[in-house]
Amino acid sequence: MSILFLCLSSSLLVIAFGIDSRGDQSLPPLSPEDRLVFSEDFEAQRSLERFSQAEPDLGHKAGSPETAAWRVLDGKLHAQEVHNAALWMKTALPEGDVRVSFVATALTEEGDVKCEFLGDGIHHQSGYILINGGWKNTVRAIARQDEHGEDRHDDYRCQRTPRKKCIPANKPQVWVIERRGQRIDWYIDGVFTLSYRDHNFINGRYFGFNNWSAHTQFDDLKVYKLASR
Ligand SMILES: [Ca+2]
């Protein structure tokens with residue numbers, strides 16, 4: 001009876017937190033057949049020419065009188081007061097399995113670092129949205145076409161850390177996002193974070209950085225076409 005209860009409890013926990021059985025896996029190394037197809041180090045202003053800025057949410061402005069929503073500064077891409085005016089790569093991602101990696105830094109205690117994966121290159125929430133330190137730095141999440149959708153996969157483990165925050169301010173973290181078949185796997189600093197398996201997979205081909213208002217910073221964007229395994 002108690003074993004059954006424990007099994008049921010842990011299953012419910014897995015469903016509630018959206019964490020699957022890959023929870024303890026570390027990042028798989030790239031194979032020699034995997035191919036780097038795009039990289040951007042944001043060392044020049046013209047880096048921005050490889051991206052297009054989307055429209056902000058209705059009733060909001062992208063940027064403020066003090067700052068542009070997106071700017072290149074000291075070799076890094078800065079985002080501030082973006083209001084979901086994502087900065088999409090103009091180049092389409094490779095078809096099939098793909099890895100996107102970059103360095104992300106929250107520059108405030110608010111956290112809130114976000115990107116769009118496999119979207120249409122124009123619209124916010126056209127694909128999957130990955131959020132670290134959202135909702136005042138309390139949750140990591142992968143959402144599908146709706147940041148507030150009931151099918152969002154959440155990871156609240158950061159609330160159990162001493163600081164109860166997902167991201168410390170000013171600490172660069174390496175994000176790796178992989179699409180393998182109909183599954184998305186997300187790693188932060190080499191550690192598995194969340195998966196999203198989707199039987200109705202969105203085959204969007206674009207990647208974009210995004211955010212709401214917090215000041216964040218990105219660098220070293222790389223895209224790899226992954227060989228089938
Ligand atoms: Ca750089």
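Predicted model: local features only at pLDDT ≥ 70, side-chain atom pairs only at ≥ 80, totals over all residues.
Close-up 1. You'll find Val176 in strand 11, which covers residues 173-180. Which residues does Val176 touch, leaving aside its neighbours within four places in sequence? They are Leu27, Arg99, Ser101 and Tyr187.

**Close-up 2. Gly96, in the loop between strands 5 and 6.** Go to the loop that links strand 5 (87-89) with strand 6, and there's Gly96. Is Gly96 buried or partly exposed? With 13 other C-beta atoms within 10 Å, Gly96 is partly exposed, because that class takes in whatever falls between 12 or fewer (exposed) and 20 or more (buried). Now look for Arg180: its C-alpha atom is 7.5 Å from that of Gly96, although the two residues are 84 apart along the chain.

Close-up 3. Follow the strands across and you get the order 2-5-14-7-8-9-10, with antiparallel pairing. At the edges sit strand 2 (51-53) and strand 10 (153-155), each of which pairs on one side only. From one strand to the next, the twist averages 15 degrees. For the whole protein, the tally is 15 strands and two helices.

**Close-up 4. Strand 14, covered on both faces.** Why is strand 14 (residues 206-210) described as largely enclosed by the rest of the structure? Because five of its five residues are buried. Tyr206, Gly208 and Asn210 lie on one side, with Phe207 and Phe209 on the other, and all of them are buried. Two bridges join strand 14 to strand 5, running antiparallel, and Leu87 stands opposite Phe209. With strand 7 (residues 113-119), strand 14 pairs over five bridges, again in the antiparallel sense; here Gly208 is the bridge partner of Glu116.

**Close-up 5. Ile142 and the largest nonpolar core.** This core has 50 residues, and those with the most contacts inside it are Phe117, Tyr128, Leu130, Ile142 and Ile177. Strand 6 (residues 98-106) gives the most to the core, with five residues. Zoom in on Ile142: not counting residues up to four places away in sequence, its contacts are Tyr128, Leu130, His153, Ile184, Trp186, Leu194 and Tyr196. His153 in strand 10 is also the residue that stands opposite Ile142. The two strands here, strand 9 (residues 139-144) and strand 10, are antiparallel and joined by three bridges. In soluble globular proteins, nonpolar side chains tend to be buried together. Across the whole protein, 36% of the 229 residues count as buried.

**Close-up 6. Residues 1-21, a stretch to treat with care.** For the protein, the mean pLDDT is 91, and 89% of the residues reach 70 or more. Over residues 1-21, though, the pLDDT is below 50. Beyond near neighbours in sequence, this stretch has twelve contacts in the model.

Conventions: Residues numbered from 1 in each chain as written. pLDDT = per-residue confidence, 0-100. Contact = placed C-beta atoms within 7 Å. Helix = DSSP H or I, 4+ residues; strand = E, 2+ residues; numbered from the N terminus. Pairing = 2+ DSSP bridges. Axes fitted to C-alpha atoms, helices over the stretch in contact; angles between N-to-C directions. Core = buried A, V, L, I, M, F, W, Y, C linked by C-beta atoms within 7 Å.
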